Amino acid sequence: MTDTTENPVQADINDVLDNMSARNATLTRELAISQAQATALQRRVKELEAQLAEAK
């Protein structure tokens, strides 16, 4: 970390905030991936429903 703060408590707080920010970014990426997967699955379900309707 490039924190030049002499207060060790503030440095620890900054570390925690940095870690939280990095975790938030990771969770945001994971959410975007999950949403894309859900959209793809919804599309596939519609395709399969259409095939089933044709087969009847």
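The model is predicted, so local features need pLDDT of at least 70, side-chain atom pairs count only at pLDDT 80 or more, and totals for chains, interfaces and linings use all residues. Residues are numbered from 1 along each chain as its sequence is written, and side-chain values use heavy atoms, with hydrogens and water left out.

Let's start with the overall picture. The protein has 1 helix and 0 strands; here helices (H or I, at least four residues) and strands (E, at least two) are DSSP runs, numbered from the N terminus. Along the principal axes, the C-alpha atoms fill a box of roughly 75 × 15 × 5 Å. The radius of gyration is 23 Å, while a compact globule of 56 residues would have one near 10 Å. That radius is taken over C-alpha atoms, and the globule rule is 2.2 Å times the number of residues to the power 0.38.

Next, the start of the helix. Asn7 caps the N-terminal end of α1, with a side-chain oxygen 2.9 Å from the backbone nitrogen of Val9.

Val9 also belongs to a nonpolar surface patch with Ile13, Val16, Leu17 and Met20. Patches are made of residues with over 30% relative accessible area and no salt bridge; like charges are joined within 9 Å, nonpolar side chains (Val, Leu, Ile, Met, Phe, Trp, Tyr) within 5 Å. Together these five have about 460 Å² of accessible area, by the Shrake-Rupley method with a 1.4 Å probe; for residues, only the protein chains shown count as cover.

Finally, which residue forms a salt bridge with Glu47? The partner is Arg44, with the closest N and O atoms 3.1 Å apart. A salt bridge is a side-chain nitrogen of Lys or Arg within 4 Å of a carboxyl oxygen of Asp or Glu. Glu47 and Arg44 are 3 residues apart in helix α1 (residues 8-55), so about one helical turn separates them.

Definitions and conventions:
Polar contact = N/O pair within 3.5 Å; in protein donor to acceptor, adjacent residues only side chain to side chain.
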